[in-house]
Amino acid sequence: MAGLDGLVQLFGPPPVRAPSPDDWAEVESYVGSALPGDFKAFLDAYGTGLICGELVVFHPCGSSPLLDRMRKIHESFSQSWRRDFDEYPFRFHPASGGLISWGYDYSGDEHFFWPCDPDPDRWKIVTNINGADPEVFDGPFTDFVLAFVKRLRDVDPHHGIDPDALEFLEPEDLNELAEHGEIGPVGPSFEPF
């Protein structure tokens, strides 16, 4: 699984965990399908946590269980969809072919699997962008995470600061903000919780 190996290279070795294949039984029963293998492998290795201080992912047996969150998000988004069904191109689980929640990011975006193929390893990822049209990522979970991390790493050194404020900041102020991770590129990391 090249994608998982790429994530291990970025984040370092995963913490010691003792996952069980049974961890996924209740979630997959609720979904009515297996989930993508690379998604399960990553979460079995790393568990519930925060990727690059931005992207939150959930394991079924984590401190915030995946199934509890799925049910809450599916219900909430299904209610919204019923109100605005003509403006949003996707339905939500448990509707047939409905999006399946797996995480969110601190920008307010929700991330879903789109079960558009009988093979879960060929499902796409849909990001419900807060206040904008959804984006579809045509690739597996691990490739999505690698692209997400790359996007956070490939930003302007002053990203996160109002351009009008730059003229009032001294170079040492900018260096301090960068050292504290408040501006600029984000380094790859995984923090379990």
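## Exercises on contacts and burial

The count comes to three salt bridges, where a salt bridge is a side-chain nitrogen of Lys or Arg within 4 Å of a carboxyl oxygen of Asp or Glu. The exercises use a predicted model, in which local features need pLDDT of at least 70 and side-chain atom pairs count only at pLDDT 80 or more, whereas totals for chains, interfaces and linings use all residues. Residues are numbered from 1 along each chain as its sequence is written, and side-chain values use heavy atoms, with hydrogens and water left out.

**Overall layout**

*Solution.* Begin with the assignment: helices (H or I, at least four residues) and strands (E, at least two) are DSSP runs, numbered from the N terminus. For burial, the classes are buried (under 20% relative accessible area), exposed (over 50%) and partly exposed in between, with a 1.4 Å probe and protein chains only. Of the 193 residues in the chain, 41% are buried.

**Salt bridges**

*Task.* Find the partner of E28 in a salt bridge, the partner of R69 and the partner of R122, and describe the setting of each pair.

*Solution.* Side chains of opposite charge can pair when their charged atoms come close. Starting from E28, the salt bridge is formed with K40, and the closest N and O atoms are 2.8 Å apart. Because E28 lies in helix 2 (residues 25-31) and K40 in helix 3, this pair ties together parts that are twelve residues apart in sequence. Both E28 and K40 are buried.

Turning to R69, its salt bridge is with E110, at 3.0 Å between the closest N and O atoms. This pair links distant parts of the chain, since R69 is in helix 4 (residues 66-83) and E110 in strand 4 (residues 110-114), 41 residues apart. R69 counts as buried at 11% relative accessibility, and E110 is buried with a relative accessible area of 11%.

For R122, the side chain meets that of D117 in a salt bridge, with 3.4 Å from N to O. Here R122 is exposed, with a relative accessible area of 55%, while D117 counts as partly exposed at 24% relative accessibility.

**Aromatic pairs**

*Task.* Classify the geometry of the pair F11 and F42 and of the pair W102 and F144, and state where each ring lies.

*Solution.* The criterion is that rings of Phe, Tyr and Trp (its six-membered ring) pair if their centres lie within 6.5 Å; planes under 30 degrees apart count as stacked, over 60 as edge-to-face and the rest as tilted. The structure holds 23 aromatic pairs by this criterion. Among them, F11 and F42 form an edge-to-face pair, with 6.3 Å from centre to centre and 65° between the planes. F11 lies in helix 1 (residues 2-11) and F42 in helix 3 (residues 37-46), so the pair ties together parts that are 31 residues apart in sequence. F11 and F42 are both buried.

The ring centres of W102 and F144 are 5.7 Å apart and their planes stand at 85°, so this pair is edge-to-face. W102 belongs to strand 3 (residues 100-105) and F144 to helix 5 (residues 141-153), and the pair links distant parts of the chain, 42 residues apart. W102 and F144 are both buried.

**Cover of helix 3**

*Task.* Determine how many residues of helix 3 are buried, and what phi the residue just after the helix takes.

*Solution.* Eight of the ten residues of helix 3 are buried, which leaves the helix mostly covered. The buried residues are D38, F39, K40, F42, L43, D44, A45 and Y46. Just after helix 3, G47 takes a positive phi of about 80°.

*Solution.* The peptide bond that joins H93 and P94 is cis, with omega about 20°.
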